[in-house]
Amino acid sequence: MRVRAFLRGLIPFLLIIVLSLPILVGYLWILISTFAQRTYGLLPMDADGRLGGITLKNWVLLFQDPRIWTLTLNTLFLALGLTLGVLLVSSLAAYPLSRIKFPGRKGFLSLTLILHAFPSVTLLIAIFFVLRWIAKIPILGKGIPLIGGFGYNTIGGVTLVSIALQLPLGIWLMKGFFDTISWDIERAALIDGCSRFRTWRQILLPQIKPGLAALGIFSFIQGWSSFLIPYTFIVESRSAVISTYLNFLTSENRPINYGLVAALGLYQLLPILIFYVFTQKYLLQIFSGGMKGGA
Amino acid sequence: MKVELANLSKKFGNVTAVDDVNLDIRDGEFVAFLGPSGCGKTTTLLMIAGIYRPSAGDIFFDGARVNELQPKDRDIGMVFQSYALYPHMSVFQNMVFSLILKKRPKQELQREAQRVAKMLGIVELLERRPGQLSGGQQQRVALARALIKQPRLLLFDEPLSNLDARLRVSMRGEIKKLQGDLGITSIYVTHDQIEAMTMADRIAVIKDGRLQAYLQPEELHDRPRTLFIAQFIGNPPMNIFTVELKSAEGGLWTELGGGVALAIPAERRPRDGKKTVKMGIRPQDIHASASGDIGAEVSLVEPMGRDDLVFCKVGGMDIQFLEDPALKLKRGASVRLSFDMGKSQFFDPQTERSLLWE
């Protein structure tokens, strides 16, 4: 009987292993490729097709490229900008949506939900025109150092668009977290002498920290690995991010250096993996639907 | 501080939560708002606190209209049913939060926290987080947080409802004593009539948003102004029958089912000369005795320790009364009951107002 129970317990694990095998093999290939001259299947090969050929050449090549630091910095600006922007706007917007009755509140909420379900690809052309228009604004358009500005072909512009597309999810998530906090705590704060804003900042925000952490991590990962938006709205390589550069490397007209592509891929993957290991318990909050408020 | 509510109303959309309440609270008085859940008592309290704005009517503190005054400027302390402590702050930080917002000096925070913590016996809890405290301890902290401001008005919103029965009884006495010692005007919202009866100087009974009566506890118990109050106040609840009144032999009689007539004493004669009325009599005013006028069969006995609560049927009507357990009444036994008609109550069946008391 105990053996049978053990075997039955094994089934889900087996299923998971089988289903994730293709992905795991893919990651394994990337890892091996970065350290090999070339690969045959999962086996590292040297230039003559013999087993071996372990090398650091790909990594050296990657870091010799002066563009890599610009790319990293750009990607970091995009990811951090997206994280901060989404956290700030959605936590501010979700508070009144959760707490204050005002005309249009229901409509606004359902509209955000629809926007969340809306495929962002369909908006690309419209966004293009908006960004082109923003680019015409002096300084704000394309005259800001580091992020370029908020117009077309700038990191700032791409960040702005990413924030906007991420907001529906963020607002709904934050509203869910605010909803779990009891009204009494807020009333107690108001009676203790807080303004509405101070209640939001000093009493409510600390209580939804797990939610903020979850949304922040989620947004960072999204920003770090986003491709479609930067690919569409950035044409200059000066403002490229890692993902678009990766695409550029694989679509060049010369022979593709798969070792270099794999190295860049792993380089892009590493921060997320490390980040994820330390923060996965917060990320799970998103899917388990918030924590219980109050003491 | 004196509090006065004048024609106070609150509407949420089309629903009237509080309907034209008039009430005055004397300085230092302990007043209970009593009523079933959803009757508008907490809404009234939140209007006094400044959380809700009245739809109509006014609130006066010491004669000054405070309708538009922000909660923080009303000089009030409030204790909530859910305790509503700030979970990310220690007990000490919870207590002094309001003083910090008032930018009081550090030494004063320490001194005041110690003073109030001593008063409530929570000195050793000051460094803990609310999550590490029991319900009773949390409620003490909540009380301390309300008291540290030295408010002129204390508001309690069912503060003991989440505590277990024994703790509730001891906290009841403690709050009452503390309130008496400090002399702070207090409003205490509860649905528990025992809490209201034991603690309050005066009780405002609220039903469906309307003030039913605003009286001292004994008055409310002995001279209920409405049928609702008669049934709501007192434990076990009052027996209510629909009876016919008859004049005979120079006196007034009630026809109870089964052909039994009971004489109504002169001082309990209902006004208005209605024929059909509702008669109420408390379970402790009915006794089983050999000389009783009414025959009944016991259908259920609930031992309550000091008394047995006995349920029986008389002519299709259910009657409950309290009896000495020494009588050892059992289910199915036949008893004869006598009513102490000097304690009877009469109500108009339509308006449900008392026919004895104004």
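The following dialogue examines how several descriptions of this predicted model rest on their definitions.

Trainee: On what conventions do the descriptions rest?

Mentor: Residues are numbered from 1 along each chain as its sequence is written, and chains are lettered from A, with ligands numbered from 1, in the order in which they are written. The model is predicted, so local features need pLDDT of at least 70 and side-chain atom pairs count only at pLDDT 80 or more, while totals for chains, interfaces and linings use all residues.

Trainee: What is the mean pLDDT of chain A, and which of its elements have the lowest and the highest mean?

Mentor: pLDDT is the predictor's confidence in each residue, from 0 to 100. The mean for chain A is 86, with 96% of its residues at 70 or more. Elements are DSSP runs numbered from the N terminus: helices (H or I, at least four residues) and strands (E, at least two). Where pLDDT is low, the predicted coordinates should not be read in detail.

Trainee: What makes residues of chain A and chain B count as being in contact, and how many residues are involved?

Mentor: Two residues are in contact if their C-beta atoms, placed from the backbone, lie within 7 Å. By that criterion, 15 residues of chain A are in contact with 21 residues of chain B. H7 and helix H8 (196-207) of chain A are the elements that give two or more residues to the side of chain A, and the largest share, seven residues, comes from H7(A). By class, that side has eight nonpolar, four polar and three charged residues. Here Ala, Val, Leu, Ile, Met, Phe, Trp, Tyr, Cys and Pro count as nonpolar, Asp, Glu, Lys and Arg as charged, and the others, Gly among them, as polar.

Trainee: Why does Met174(A) count as buried?

Mentor: A residue is buried if 20 or more other C-beta atoms, placed from the backbone, lie within 10 Å of its own, exposed if 12 or fewer, and partly exposed in between. Met174(A) has 26 C-beta neighbours inside 10 Å and therefore counts as buried. Met174(A) is placed in helix H6 (residues 155-179) of chain A. Leaving aside residues up to four places away in sequence, Met174(A) touches Ser90(A), Ser91(A), Ala94(A), Gly211(A) and Leu215(A).

Trainee: How do you know that strand E7 (residues 153-157) of chain B is mostly covered?

Mentor: Five of its five residues are buried. On one side of E7(B) these are Leu153(B), Leu155(B) and Asp157(B), and on the other Leu154(B) and Phe156(B), so that both faces are covered.

Trainee: What makes E7(B) a paired strand, and which strands are its partners?

Mentor: Two strands pair if DSSP finds at least two bridges between them. Strand E6 (residues 76-79) of chain B and E7(B) have four bridges, in the parallel sense, and one bridge joins Met78(B) to Leu155(B). E7(B) and strand E8 (residues 185-190) of chain B have five, also in the parallel sense; there Leu154(B) is the bridge partner of Ser186(B).

Trainee: Why is a β-α-β unit called right-handed, and which elements of chain B make one?

Mentor: A crossover is right-handed if, with the strands pointing away from the viewer, the path from the first strand over the helix to the second runs clockwise. E7(B), helix H5 (residues 165-182) of chain B and E8(B) make such a right-handed unit.

Trainee: What makes E2 and E5 of chain B edge strands?

Mentor: In the open sheet of four strands, the order is E2-E1-E4-E5 (chain B), with antiparallel pairing. Strand E2 (15-25) and strand E5 (64-65) of chain B each pair on one side only.
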